[in-house]
Amino acid sequence: MVGVTGTEHPNILHRVGNTSLLPLRNILPASGARIALKLESENPTGSMKDRMALAMIGAAEADGRLSAGGHVVEYTGGSTGVSLSLVCAVKGHPLHIVSSDAFSREKLDHMQILGATLQIVHSDSGRMTEKLTRDMIEAARVIAETTGAFWTDQMKNTDQIAAYHTLAEEIWTQTDGQIDGFVQSVGTAASLRGIGEGLRRHNERVQVVAVEPSESPVLSGGQPGAHKIDGVGAGFVVPLWESGLADRIEQVSTEDAMTMAMRLARQEGLFAGSSTGANVVAALRVAEQLGPGATVVTVMCDTGMKYLRTFGSALGRGIVSV
């Protein structure tokens, strides 16, 4: 059936990308700079990870690492798993996901609804730690070795970088090249790397700023620790991270990230996860530093609908304030 726009899409995967860029209107820096959010929540699963999942599977199919109907395995804090579940469902690849009770129940449910098989690794009181990340990676490695499944191995997979180069081109076009700073939280480091590279191809003076949890500031040379910002802060320096990727690193606490996520919902009508909250906290700092007339772009990584239980629990226990 042809949609209301008159454009027919072969399948849902053709709706990945080309997301909106929206300026914040109420949460503003005192400097007079402008902050804009790339609304990756508009992707089919509500996450920017749809881009990288599609890129990783597509590249493996193209070069023969993944055959038609071949099995796929991955470890994930949630969003990558949901995105892979969607891509594999459409393309006909059985998917085995290794995840944890540290992550949003909504994401785990979403993966299963899309047909993925889950293996849950138990966490330390629901917190993200270095040990948990490494345990999940090892579990995925064992599954790949024993079953012969294709392991997307997101921490090391460079096929995803091209997807973020595309995202950078969208940002450049949407800002008419008027961008002074880009801010992004670090999970695998692929999005920061790909978007930063893409923007710097146009203008090497664009300031690229990485964000990590203040409780686990390993990129800044600190000690790993436990935090509850979903999808970021692995607890060690991830393989795709390179010196020079970022001009500087901003540290944001779980509490500040979640509080900002609530502010975005109540003051801007943008319901996002805690990693987006961390992005905006850091973007405000960058905007203050760059001064009047500057434009800072950051990413709404996913929709807050993935975290309803998490935010509800945090509000009930008074962990976040608005």
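Strand β3 (residues 72-75) pairs with β6 in the parallel sense, over 2 bridges. Strands count as paired when DSSP finds at least two bridges between them. Helices (H or I, at least four residues) and strands (E, at least two) are DSSP runs, numbered from the N terminus. This is a predicted model, in which local features need pLDDT of at least 70, side-chain atom pairs count only at pLDDT 80 or more, and totals for chains, interfaces and linings use all residues. Residues are numbered from 1 along each chain as its sequence is written, and side-chain values use heavy atoms, with hydrogens and water left out.

**The sheet of 4 strands**
- This open sheet has the order β5-β4-β3-β6, with parallel pairing.
- Its edge strands are β5 (117-121) and β6 (150-151), each pairing on one side only.
- Helix α2 (residues 79-91) packs on the sheet and touches β3 and β4 (95-100). Contact means heavy atoms within 4.5 Å.
- The direction of α2 makes about 170 degrees with that of β4. Axes are lines fitted to C-alpha atoms, for helices over the stretch in contact, and angles run from 0 to 180 degrees between N-to-C directions.
- Val-72 stands opposite Phe-150 in β6.

**The sheet of 6 strands**
- This open sheet runs β1-β2-β10-β7-β8-β9, with mixed pairing.
- β1 (21-23) and β9 (248-252) are at the edges with a single partner strand each, so one side of each lacks a neighbour in the sheet.
- The twist averages 30 degrees from one strand to the next.
- Strands β7 (residues 181-185) and β8 (residues 207-213) run parallel, joined by 5 bridges.
- Ser-185 has Val-211 in β8 as its bridge partner.
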